Amino acid sequence: MTRAMTHSIKATAAPTKKTYVANYLALMVLLAATALASKANLGSLQTPAALTIAAAKTALVFLFFMQLWFQRGLIRVFAVAGFFWLAIIGILMFCDYLTRGWLLG
Amino acid sequence: MNRTTYPSPYADREHHAVANHLGMWTFLATEILFFGGVFACYAVYRYAYPAAFAVGSEHLEFWIGTLNTAVLLTSSLFMAFADLAVKANARDTLRWTLLITWLLGAVFLGLKAHEYYATWREHHVPGVNFHFEGADAPHVELFMFLYFAMTGLHALHMLFGLGAIAWLLWLNHRGKLGAEHDAPVAMVGLYWHFVDCIWIFLYPLLYLVR
């Protein structure tokens, strides 16, 4: 294996206990935010707000608990691939369901 | 008997670790699509019957959902500590961090079971024991069906996770884990955190519908 290849698969740094505790506290703050937001009257923003917070929590778990922040690009690409295909499912599916009324009038 | 030995396909430990992570993330990508199908089903029906889903959601215990999210996030913190412990060769720390993770997982399932029982008592179990005196009962029942399908699938993953952590505790007991043999902890950790992320989405989609 060449030196360049070795470098390309090496982790950039390692997470510490401090990283994990900070991440945990951020997650708990987001949990409190989503619980409180559900009790407030946000109207049509209710669901987008809840899902945005859920996406932010998932990003924190993926980046720090699952260490993607410290991984090289190849592993990050694999991690994102599942969401990419999920997005294809979602987009094509709703291209159908959201437009059915157009045809039936 | 002579055992044939083959050269390792890995240049070094780092290379081996990357292969482990790639394999695990590939599996997790299939899990994203597996759960994705159920989430897609939920999205279509929620879009079609928003009012019935809001009514169904109100009948779930907000506090159990919220508490269970906190329990899982805390279990993930201890799983992350376990990963640090195995890399530091700290066997005792590894044992108690894994034990706490396992116990928190069990608390989650206990609260879930309590909630399932409450649903049964209130006759909100679709198909077998469903009675609802409000408007649009069939679609409230549909919501409850999705509730059981989604939380049930998640609970099944939690059970596998508890089994995997018990296996790690056994390996650690036999002295088979350490800085040179940290892959089992790292891989089970990825799985555990991933199952946590599924719940992070189930929580607002099931408990917080307005």
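Predicted model: local features only at pLDDT ≥ 70, side-chain atom pairs only at ≥ 80, totals over all residues.
Residues are numbered from 1 along each chain as its sequence is written, chains are lettered from A and ligands numbered from 1 in the order in which they are written, and side-chain values use heavy atoms, with hydrogens and water left out.

**Stop 1: chain B**

Select chain B. It has 6 helices and 2 strands. Both kinds are DSSP runs numbered from the N terminus: helices are H or I with at least four residues, strands E with at least two. The order along the sequence is α-α-α-α-β-β-α-α. Along the principal axes, the C-alpha atoms fill a box of roughly 70 × 35 × 30 Å.

**Stop 2: H1(B) against H5(B)**

Select residues 13–48 and 137–173 of chain B, helices H1 and H5. Their axes come within 10 Å and cross at roughly 165 degrees. Axes are lines fitted to C-alpha atoms, for helices over the stretch in contact; angles run from 0 to 180 degrees between N-to-C directions. H1(B) and H5(B) are therefore roughly antiparallel (over 145 degrees; roughly parallel is under 35, roughly perpendicular 65 to 115, the rest oblique). H1(B) passes H5(B) in a left-handed crossing (the near helix is turned anticlockwise from the far one by less than a right angle; clockwise is right-handed).

Now the opening question. Contact means heavy atoms within 4.5 Å. The residues of this contact divide into 12 nonpolar, 2 polar and 1 charged (nonpolar: Ala, Val, Leu, Ile, Met, Phe, Trp, Tyr, Cys, Pro; charged: Asp, Glu, Lys, Arg; polar: the others, Gly among them).

**Stop 3: Arg13(B)**

Zoom to Arg13(B) and Asp182(B). They form a salt bridge, with the closest N and O atoms 3.8 Å apart (a side-chain nitrogen of Lys or Arg within 4 Å of a carboxyl oxygen of Asp or Glu). Arg13(B) is in H1, Asp182(B) in the loop between H5 and H6, 169 residues apart. Over all chains the count is 7 salt bridges.

**Stop 4: the A–B interface**

Show chain A. Here 46 residues of chain A contact 42 of chain B. There are 0 salt bridges between chain A and chain B. Pick H4(A), residues 73–97: its axis lies 8 Å from that of H1(B), at about 20 degrees. H4(A) and H1(B) are therefore roughly parallel.
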